[in-house]
Amino acid sequence: MPPQEIEYSEKYADDEGFEYRHVILPKYVEKQVPKGRLMSEKEWRGIGVQQSRGWAHYAIHRPEPHILLMRRHKDTDPITGLVHGRRMDQLTGTYLD
């Protein structure tokens with residue numbers, strides 16, 4: 001899929017230390033989005049989503065499954081994907097090491 005067909009919202013943040021964005025895929029790609037589960041980074045990159053490191057598909061927008069709801073900790077290094085030099089599970093907010 002041509003990358004220009006994918007729309008990215010502006011980033012926004014909460015008071016818990018996370019930033020968010022929506023990734024809006026063309027409706028014809030909806031069939032490539034797994035039903036009932038979140039996509040891994042490998043999967044969403046595989047369908048053409050391009051973002052800096054550290055983003056995670058954290059929720060499913062059931063009325064419109066072609067809209068991916070993404071989040072990452074606000075202190076994530078966009079090059080390494082690390083938070084304060086450590087790996088973090090972006091879904092739970094807990095450090096992995």
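The model is predicted, so to speak of local features we need pLDDT of at least 70, side-chain atom pairs count only at pLDDT 80 or more, and totals for chains, interfaces and linings use all residues. Residues are numbered from 1 along each chain as its sequence is written, and side-chain values use heavy atoms, with hydrogens and water left out.

**H57, in a strand**

- H57 belongs to strand 4, residues 56-60; strands here are DSSP runs of E with at least two residues, helices are runs of H or I with at least four, and both are numbered from the N terminus.
- With a relative accessible area of 4%, H57 is buried (buried is under 20%, exposed is over 50%, partly exposed is in between, using a 1.4 Å probe and protein chains only).
- Setting aside neighbours within four places in sequence, H57 is in contact with R37, L38, M39, W44, L68, L69, M70 and L91, where contact means heavy atoms within 4.5 Å.
- The H57 side chain gets to the backbone nitrogen of M39 at 2.8 Å, and a polar atom of that side chain lies 3.2 Å from the backbone oxygen of A59.
- For polar contacts, the rule is a pair of N or O atoms within 3.5 Å; within protein, one must be able to donate a hydrogen and the other to accept it, and residues adjacent in sequence count only if both atoms are side-chain atoms.

- D75 is partly exposed at 36% relative accessibility, D77 is partly exposed at 32%, and H84 is exposed at 56%.
- The side chains of D75 and H84 make a polar contact at 3.1 Å.
- Beyond residues within four places in sequence, D75 is in contact with L82, V83 and H84.
- D75 and G85 are ten residues apart along the chain, with 9.9 Å between their C-alpha atoms.
- H84 is not a glycine, yet its phi is positive, near 55°.
- The side chain of D77 reaches the backbone nitrogen of T80 at 3.1 Å.
- Not counting residues up to four places away, D77 touches R53 and L82.
- D77 and S52 sit 25 residues apart in sequence, and their C-alpha atoms are 8.8 Å apart in space.

- Q51 sits in the loop between helix 1 and strand 4, and Q51 is buried at 9% relative accessibility.
- Leaving out residues up to four places away, Q51 touches Y8, R21, V23, W44, R45 and M70.
- P65 is in the loop between strand 4 and strand 5, and P65 is partly exposed, with a relative accessible area of 27%.
- Leaving aside neighbours within four places in sequence, P65 is in contact with E30 and V33.
- The C-alpha atoms of P65 and V29 are 9.8 Å apart, although the two are 36 residues apart along the chain.

**Rings and charges**

- A search of the whole structure turns up two aromatic pairs.
- Y12 and Y20 have ring centres 5.7 Å apart and planes at 20°, so this pair is stacked.
- Rings of Phe, Tyr and Trp (its six-membered ring) pair if their centres lie within 6.5 Å; planes under 30 degrees apart are stacked, over 60 edge-to-face, and the rest tilted.
- Y12 is partly exposed at 37% relative accessible area, whereas Y20 is buried at 10%.
- Y12, Y20 and Y58 form one aromatic cluster.
- The charged end of R71 sits over the ring of F18, 3.8 Å from its centre, and the charged end of R86 sits over the ring of Y95, 4.0 Å from its centre.
- A charge sits over a ring if NZ of Lys or CZ of Arg is within 6 Å of the ring centre and within 35 degrees of the ring normal.

**The largest pocket**

- The largest pocket holds about 320 Å³ of space, a volume being the space filled by probe spheres set on grid points joined across faces, edges and corners.
- A pocket is an open set of points on a 1 Å grid over the protein atoms alone, where a 1.4 Å probe fits, with protein on both sides within 12 Å along at least five of seven lines; lining residues have an atom within 4 Å of a point.
- Its lining has 19 residues, with E41, G54, W55, M88 and Q90 nearest the centre.
- Helix 1 (41-46), strand 4 and strand 6 each supply at least two residues of that lining.
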